[in-house]
Amino acid sequence: MSETMTTTTTRAAKKAVPESRYVPEDGLLLDVEDLHVEFHTADGIAKAINGVSFQLRQGETLAILGESGSGKSVTAQAIMGILDMPPAVIPEGKIRYCGQDLLTMDPEVRRKTRGPEISMIFQDALSSLNPVFPVGWQIAEMFRQHRELNKSDAMNEAVRLMERVQIPAARERVKAYPHQFSGGMRQRIMIAMAIALDPAVLIADEPTTALDVTVQAQIMALLEELQEERKMGLILITHDLGVVADVADRIAVMYAGRLVETADILPLYASPAHPYTRGLLESIPRLDQKGQTLAAIGGLPPNLMRIPQGCAFNPRCRMAQDICRQDRPELREIVSGRFSACHFAEEVIDA
Ligand SMILES: Nc1ncnc2c1ncn2[C@@H]1O[C@H](COP(=O)(O)OP(=O)(O)O)[C@@H](O)[C@H]1O
Ligand SMILES: [Mg+2]
């Protein structure tokens with residue numbers, strides 16, 4: 001009896017450990033190069049992503065920041081390989097994961113990267129969980145399918161994982177259904193599912209938007225902890241710089257499907273190098289004005305079927321000159337490690 005139990009436990013432990021994976025010596029997990037994504041619709045072609053490049057290393061947290069509609073989720077979906085194609089088309093670009101281009105990879109091989117290699121947490125935990133199955137069962141299914149654990153080993157792993165994401169009384173609650181958990185607890189369950197197979201890259205797409213401020217901070221702290229513990233590359237997508245400021249190493253600011261500024265978090269916070277970033281910084285909700293946002297940026301993001309000539313931000317920019325309406329500024333290095341796509345970046349950063 002005890003013999004059998006030992007064997008089972010050992011087998012469970014072995015299978016639950018991720019297969020050793022190849023990570024390049026420089027720790028470069030993701031290398032997105034000149035990515036373009038279009039949506040071909042009856043009304044025309046929406047140019048959602050227009051030449052996005054960035055890198056993500058092991059143990060690094062990259063925040064992607066931008067208003068609604070700037071292309072954050074489409075970028076994440078392109079990396080995950082979950083865009084509906086059509087209507088989506090990727091006319092150009094590379095997404096290298098540990099050196100291999102996911103876009104030209106055999107679809108079946110690529111499918112196997114989802115979960116164990118690259119994993120994602122979505123904004124809306126309730127609609128991502130299946131309402132008719134207990135949460136523990138849903139987590140256990142991942143171990144059964146991907147690690148071939150038997151029922152009871154898989155359930156034990158599910159409990160262990162629920163404990164890891166700090167769900168109180170996990171062993172009793174594995175049998176509860178999604179609607180029996182609070183929004184914050186459901187998001188913890190989503191996180192548990194996303195990290196179950198020990199991915200190298202975790203993408204969290206506005207993981208706390210539906211939650212109140214206190215719970216947001218707790219979820220962010222948990223993500224940071226897990227990221228450090230597992231040395232994941234973490235991409236945190238947000239429209240709210242305040243939420244990610246303590247957690248992110250680097251920030252990429254997105255506007256109309258392009259990166260307009262990239263920098264380490266502290267220098268960007270101290271002095272943005274793009275008027276759009278400055279506007280976003282000025283619109284961070286303040287604790288003393290609960291629920292209020294300063295409308296720092298007037299106007300609306302452009303229609304992606306008719307992106308303005310020159311700098312896409314020019315119609316909303318207080319600093320716009322003729323050159324901004326004519327020539328599109330490239331992302332260029334302003335000072336070491338800081339990139340901006342503004343003709344007047346040097347003036348903005350010094351202001
Ligand atoms: N399925 C789709 N069909 C057509 N257009 C889409 C589709 N999904 C996204 N888009 C376009 O891509 C733009 C960027 O969307 P998204 O990446 O979701 O923005 P966000 O930065 O808010 O996550 C949207 O404004 C929309 O115009
Ligand atoms: Mg989105």
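**Exercises on a predicted model**

Over residues 30–281, the chain is 38% helix and 28% strand, with the end C-alpha atoms 27 Å apart. UniProt, in an unreviewed entry, lists that stretch as "domain: ABC transporter". Keep in mind that we're working with a predicted model.

**Exercise 1.** Work out which residues surround ligand 1 and which elements they come from.

*Solution.*
- Step 1: Start with the shell. There are 14 residues around ligand 1, and the closest are Phe39, Ala48, Lys72, Ser73 and Val74.
- Step 2: Now look for elements that give two or more residues to this shell. You'll find strand S1 (28–41), strand S2 (44–57) and helix H2 (72–80).
- Step 3: Who gives the largest share? That's H2, with three residues.
- Step 4: Sort the shell by class, and you get six nonpolar, seven polar and one charged residues.

**Exercise 2.** Describe how helix H8 (residues 183–195) and helix H9 (residues 213–230) are arranged.

*Solution.*
- Step 1: Check the axes. They come within 10 Å and cross at roughly 15 degrees.
- Step 2: Name the arrangement. Angles under 35 degrees count as roughly parallel, so H8 is roughly parallel to H9.
- Step 3: Find the hand of the crossing. For H8 and H9, it's right-handed.
- Step 4: List who touches whom. H8 brings Gly184, Gln187, Arg188, Ile191 and Ile195, while H9 brings Val215, Gln218, Ile219, Leu222, Leu223, Leu226 and Arg230.
- Step 5: Sort this contact by class too. It has seven nonpolar, three polar and two charged residues.

Note on methods: Residues numbered from 1 in each chain as written. Chains lettered and ligands numbered in written order. Predicted model: local features only at pLDDT ≥ 70, side-chain atom pairs only at ≥ 80, totals over all residues. Near = placed C-beta within 6 Å. Helix = DSSP H or I, 4+ residues; strand = E, 2+ residues; numbered from the N terminus. Nonpolar A, V, L, I, M, F, W, Y, C, P; charged D, E, K, R; others polar. Axes fitted to C-alpha atoms, helices over the stretch in contact; angles between N-to-C directions. Parallel < 35°, antiparallel > 145°, perpendicular 65-115°, else oblique. Left-handed = near helix turned anticlockwise from the far one by under 90°. Contact = placed C-beta atoms within 7 Å. UniProt positions renumbered as here; feature names shortened; annotations may be inferred.
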